[in-house]
Amino acid sequence: MADVKAIIAKRVAMELKDGDLVNLGIGLPTLVANYVPEGIDVTFQSENGFIGMGNAPEPGAEIENLVNAGGQPSTVLPGAAFFDSAMSFAIIRGGHLDCTVLGALQVDEKGNLANWMIPGKKVPGMGGAMDLVTGAKKVIVAMTHTAKGSIKILEECTLPLTAKGQVDLIITEMGVMEVTDKGLVLKEIHPDLSVEDVQTATSAKLIIAPDLKTMCL
Amino acid sequence: MEKIITLEEAVSKINDGMTVMIGGFLGTGSPDLLVDKIIEKGIKNLTVVANDTSFPDQNIGKLVVERNVSKVIVSHIGTNPETGRQMNAGELDVVLVPQGTLAEQVRAGGAGLGGILTPTGLGTIVEEGKEKVVVDGETFILEKPIKADVAIIRASKVDRKGNCVFDKSARNFNPLMAMAAETVIVEADEIVEVGSIDPDRVMTPHIFVSYIVKGAK
């Protein structure tokens, strides 16, 4: 399979609409910015306090006091705006953020997400993730389908939740799954895989969309 | 009233056991000289309210490493392994709060509010032990205001009265914390004469600022 992260990021980018305000999580979701389709004008938010985020600066061209939510050097595009943390989260919680893209440790068929702690092992904290997942109009989980073979898409999350019932769409290198009242609907599938392949890598029972499509790579 | 004081004088306002708010996001916009002076003076048992515990070699991260802190109220500790180690060893009390909730709790503390109602954390361990309030059929978690004895913040430009201008993503929690503490000390990259900052550009009005110290720049 070609570069898995690129497949995921490219497919997520196809979900973005002209005029959207979008927050990308740290890691894989950050790559989505590289694949925004031509003609689609998307504004990216950095929850530490600005909208209009651009690409990372070239080495040596870092700008003082300008970092992204991961603390890494960032840039702003013309039309950007800076603000404090209360306004940043008013944007997120107040229904002004069209889409957030995050990774997951676990996600389940009810749209529950766990991505902030593994009890007794790793407790980084939730940062802005709980507000993002609760407040964004559309929540996309973008991740590799399994973690070194261990299953991440479950009937029910076992790790502490980040938010309950907020995930709308799960995009992995294997396919695209929508969270519905009836469960997870597999809407698109990687061209090299069978439905059985995807189901084997998924604990939740997949509902196969009648018009199941091939993922555009 | 003369507000400009030395670092030595500024840190003499902070005593063992106090609750101290520290501005910044992963070190960007944090008052580095004030924190270094707290470490030098060996002030102990502080409760620190901040977005995160930064990196081990930076600002709040150093306070944790040097054991000036007995409790932190933060949204994220993942970039400072020492915070996690002390937490797991039972040496440091860590209260993790969603970032948007923390921002509003601090704002509420400074704004005379009895708390805030947020949907963030519903259905997660964040809601445990907290009162829930139903407003027009929607459920919210009641989160209480947070205040501090002292807030130490960082601004890029401050006039002699204390009017503050913050720079780019260094604003973050600084203006919120300036409202929520008994004593507010601002570390200013640049101190300018009264009247040289356009009133339209003032981000934190001088009435919130108790003392000003000159930063390293």
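Modeller: Two strands pair if DSSP finds at least two bridges between them. Strands (E, at least two residues) and helices (H or I, at least four residues) are DSSP runs, numbered from the N terminus. This is a predicted model, in which local features need pLDDT of at least 70 and side-chain atom pairs count only at pLDDT 80 or more, while totals for chains, interfaces and linings use all residues. Residues are numbered from 1 along each chain as its sequence is written, chains are lettered from A and ligands numbered from 1 in the order in which they are written, and side-chain values use heavy atoms, with hydrogens and water left out.

Biologist: In which sense do strand β6 of chain A and β7(A) pair?

Modeller: β6(A), residues 106–108, pairs with β7(A) in the antiparallel sense, over 2 bridges. Within that pair, V107(A) lies opposite L113(A) of β7(A). Both strands belong to an open sheet of 3 strands, ordered β7-β6-β11 in chain A, with mixed pairing. Its edges are β7 (113–114) and β11 (153–154) of chain A, each of which pairs on one side only.

Biologist: Which strands does β8(B) pair with in the parallel sense?

Modeller: One is β1 of chain B (residues 19–22), through 3 bridges, where M21(B) has A151(B) as its bridge partner. Another is β10 of chain B (residues 181–192), joined to β8(B) by 10 bridges; here A148(B) is partnered by A181(B). β9 of chain B (residues 164–165) is antiparallel to β8(B), with 2 bridges, and V158(B) has C164(B) as its partner there. β8(B) and β9(B) make a hairpin with 4 residues between them, and G162(B) in the turn has a positive phi of about 115°.

Biologist: Which residues have the most contacts inside the largest nonpolar core?

Modeller: A nonpolar core is a set of buried Ala, Val, Leu, Ile, Met, Phe, Trp, Tyr and Cys residues joined through side-chain atoms within 4.5 Å. The largest one has 35 residues, and V48(B) and I152(B) have the most contacts inside it. A second, separate core has 31 residues, including A104(A), I153(A), L184(A) and L206(A). Beyond its neighbours within four places in sequence, I152(B) is in contact (heavy atoms within 4.5 Å) with residues including I14(B), V20(B), I22(B), L34(B) and I185(B).

Biologist: How much area do chain A and chain B bury between them?

Modeller: Buried area is the accessible area (1.4 Å probe) that two parts lose on being put together, summed over both. For chain A and chain B it is about 2,800 Å², with 62% of it on carbon and sulfur atoms. The contact takes 35 residues from chain A and 36 residues from chain B.

Conventions. Buried < 20%, exposed > 50% of the residue type's maximum accessible area, 1.4 Å probe, protein only.
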